[in-house]
Amino acid sequence: MDDKPFQSPLVVGYKGEIGSFLLQGLLRVMPKASDIWCYDISARPEEREARIRLADVIFLCVPIEKTREWLDTWRDALKDKILIEQCSIKESILEGFADLTILSMHVLFRPSATPSSADRRVAFVSHP
């Protein structure tokens, strides 16, 4: 993958606080904004599918109660993708998806309540 962190990242849930925070971070490191895909709840299913298929890395920022449903819906399209899901305590929700490459990330602060970037941390969690 050249010197870019990702070729075609997708942010699912980009209108939420964490999704918009991640999108802003990607905009800083990607060469062009047009290299970043995103969608939110208002996107039509065919738009969602097209963007998932174009992405190589997907940042999943959906509510915890929607995570399993989203994974079930798009499972076939996710087979060759790296999925980075925003988690709190989702390990049991992710059971049964060993055929997918899922990394968990937890933003250890709330962007709107943490104005100083020095106080912000992100943890990546490895699932067995």
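I began with D99, which is partly exposed, because its relative accessible area is 34% and the buried class ends under 20% while the exposed class starts over 50%. The model I am reading is a predicted one. D99 is found in the loop between strand 4 and strand 5, the latter being residues 101-107. I looked up the contacts of D99 beyond its neighbours within four places in sequence and found R75 and K79. I also took a C-alpha to C-alpha distance from D99 to L78: 9.3 Å, for two residues 21 apart in sequence.

**Overall layout**

I counted three helices and six strands in the protein. Along the sequence I read the order β-α-β-α-β-α-β-β-β. The protein has 128 residues, and 41% of them are buried. I then checked the contacts with a separation of 6 or more; of these, 56% link residues 24 or more positions apart.

I started the pairing list with strand 1 (9-12). Strand 1 runs parallel to strand 2, residues 37-39, and three bridges join them. V12 has Y39 as its bridge partner in strand 2. Strand 1 also pairs with strand 3 in the parallel sense, over four bridges. Two of the positions I noted there are P9, whose bridge partner in strand 3 is V57, and V11, which stands opposite F59.

I next followed strand 3 (57-60) to strand 4, residues 82-86. These two strands are parallel and share four bridges. V57 stands opposite I82, and I58 stands opposite L83.

**Burial of the strands**

Which residues cover the two faces of strand 1? I find P9 and V11 on one side and L10 and V12 on the other, all buried. Strand 3 is covered on both faces as well: V57 and F59 are buried on one side, I58 and L60 on the other. For strand 4 I noted that four of its five residues are buried, so I call it mostly covered, buried being under 20% relative accessible area.

I then looked at the segment before strand 1, where Q7 sits. Is Q7 buried or partly exposed? Q7 counts as partly exposed because its relative accessibility is 26%, with the limit for buried set at under 20%. The C-alpha atoms of Q7 and I36 are separated by 8.5 Å, and the two residues are 29 apart along the chain.

**Nonpolar cores**

The largest nonpolar core has 19 residues, and I52, I58, W70, L71 and L78 touch the most other members. Strand 1, strand 3 and helix 3 are the elements that give two or more residues to this core. Helix 3 supplies the largest share, three residues.

Leaving aside neighbours within four places in sequence, L71 is in contact with L60, L78, L83, L94, F97, L100 and I102. I also logged a second, separate core of 12 residues, with L26, M30, I84 and M105 among its members.

**The largest pocket**

How much space lies in the largest pocket? I recorded about 390 Å³. Fourteen is the number of residues in the lining, and I41, R48, V62, K66 and W70 are the closest to the centre of the pocket. Which element gives the largest share of this lining? That is helix 3, residues 64-74, with five residues. By type I sorted the lining into eight nonpolar, two polar and four charged residues.

I cross-checked one name between the two lists. W70 is among the residues closest to the pocket centre, and W70 is also one of the residues that touch the most other members of the largest nonpolar core. Helix 3 likewise gives the largest share of the pocket lining and the largest share of the core.

Key: Residues numbered from 1 in each chain as written. Predicted model: local features only at pLDDT ≥ 70, side-chain atom pairs only at ≥ 80, totals over all residues. Heavy atoms only, no water. 1 Å grid on protein atoms, 1.4 Å probe; cavity = no way out; pocket = protein on both sides within 12 Å on 5 of 7 lines; lining within 4 Å. Points joined across faces, edges and corners; volume = space filled by probe spheres on them. Nonpolar A, V, L, I, M, F, W, Y, C, P; charged D, E, K, R; others polar. Core = buried A, V, L, I, M, F, W, Y, C linked by side-chain atoms within 4.5 Å. Buried < 20%, exposed > 50% of the residue type's maximum accessible area, 1.4 Å probe, protein only. Contact = heavy atoms within 4.5 Å. Pairing = 2+ DSSP bridges.
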